[in-house]
Amino acid sequence: MAGSSPVTVIVIVLPFLTGTVLGSACGPHCYFCKPTGSCTLCNSGWYGSGCKTRCPLTCPGSCHKTTGFCKSCLEGTYGNLCQEKCSPNCSGGRLCNRRDGDCTEGCQQGFHGSRCTVKCGHCVDGDCERLSGSCAAGCTDGWTGHKCSVECMPRCIKCTTPNACVLCEGDLLGPFCDITRNMTAIETTILPSPPANRQPLNNSDIAQTEDKSGAVVGISLGIIFTILIVLLIVCILVYTDGIRKIRRVFDPVHKAHRHPQHEPLYHHDALGSPTISRSHLKLNEHTNRK
């Protein structure tokens with residue numbers, strides 16, 4: 001064997017070391033065949049018992065000897081048999097993970113999701129966050145929400161919620177964009193901007209202001225309530241005195257049975273001289289007759 005080549009030595013020695021032989025003893029597509037007739041390694045492109053089954057055509061090279069799953073996929077495909085196509089929205093030439101199809105290089109502009117299959121909302125720059133889909137630069141006119149997928153009400157340019165507009169079209173005003181600046185029934189007042197050097201109120205200032213306002217309101221209500229009570233008492237007194245006077249004037253029974261003793265003894269005539277009243281004179285005459 002002094003003149004044998006290295007390849008010849010390997011071919012001769014290998015069966016004694018591994019118990020296998022090279023050749024087609026186990027079939028035309030078997031690479032390593034045991035003396036028992038079982039194949040331990042198939043030629044590229046074949047799998048299964050006796051290496052009699054061709055690998056799927058979607059596999060670019062060899063496949064697993066037992067399952068037939070592809071060991072690698074062509075660009076733009078994924079899956080066990082490389083039969084699934086990567087999303088066309090994957091950036092980097094439609095590159096995706098061979099097992100689950102997730103885009104490995106991110107998404108093209110305007111799409112988000114693990115496989116870049118979800119379209120972004122109405123974002124200002126047309127792009128959104130890869131996983132959540134939120135618009136970092138804000139929304140275009142007429143849309144709101146962190147994904148800019150909620151439409152504002154008609155005639156509204158900017159809104160915080162679908163029913164709260166902060167900027168309307170043209171001369172329209174109001175949270176519903178249903179007021180015009182030139183309406184005669186509504187006066188629009190534009191408040192002046194605060195001075196540049198004015199400091200914003202902190203929480204303690206706001207609390208003190210609210211306390212003062214509450215005290216003023218309480219005092220005002222107390223004064224109003226007191227005035228109403230006094231007016232009510234006066235009305236009751238006036239009403240009671242008036243009823244008494246009316247009864248004295250229009251009550252005939254009271255007039256008929258009025259006793260002379262209830263009248264004054266003397267009256268003054270036109271000259272100012274005191275005279276005995278007629279009732280007392282009649283009373284004296286009646287007494288003398290008895």
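Which residue stands opposite Cys-33 in S3? Cys-39 holds that place, and the two belong to a pair of strands described below.

The structure is a predicted model, in which local features need pLDDT of at least 70 and side-chain atom pairs count only at pLDDT 80 or more, while totals for chains, interfaces and linings use all residues. Residues are numbered from 1 along each chain as its sequence is written, and side-chain values use heavy atoms, with hydrogens and water left out.

**Confidence**

The mean pLDDT (the predictor's confidence in each residue, from 0 to 100) of the protein chain is 75, and 65% of its residues reach 70 or more. Over residues 1–20 the pLDDT stays under 50, and the model has 16 contacts for them beyond four places in sequence, where a contact means heavy atoms within 4.5 Å. Residues 184–203 also have a pLDDT below 50, and this stretch has four contacts in the model beyond near neighbours in sequence.

**The hairpin**

Strand S2 (residues 30–33) and strand S3 (residues 39–42) run antiparallel and are joined by three bridges; strands are DSSP runs of E with at least two residues, helices are runs of H or I with at least four, and both are numbered from the N terminus. Two strands pair if DSSP finds at least two bridges between them. Five residues lie between S2 and S3 in this hairpin, and Gly-37 in the turn has a positive phi of about 100 degrees.

**Salt bridges**

A salt bridge is a side-chain nitrogen of Lys or Arg within 4 Å of a carboxyl oxygen of Asp or Glu, and by this rule the count comes to two.

| Pair | N to O distance |
|---|---|
| Arg-115 and Asp-102 | 3.8 Å |
| Asp-141 and Lys-158 | 3.2 Å |

Arg-115 lies in the loop between strand S8 (111–112) and strand S9 (118–119), whereas Asp-102 lies in the loop between helix H2 (91–94) and S8, so that the pair links parts of the chain 13 residues apart. Asp-141 is found in the loop between S9 and strand S10 (143–144) and Lys-158 in strand S12 (residues 156–161), so this pair ties together parts that are 17 residues apart in sequence.

Exposure is judged by relative accessible area, with buried meaning under 20%, exposed over 50%, and partly exposed in between (1.4 Å probe, protein chains only). Arg-115 is partly exposed because its relative accessible area is 36%, and Asp-102 is partly exposed at 25%. Asp-141, at 52%, is exposed, while Lys-158, at 33%, counts as partly exposed.

**A residue in helix H3**

Leu-228 has its place in helix H3 (residues 203–250), and Leu-228 counts as exposed because its relative accessibility is 52%.
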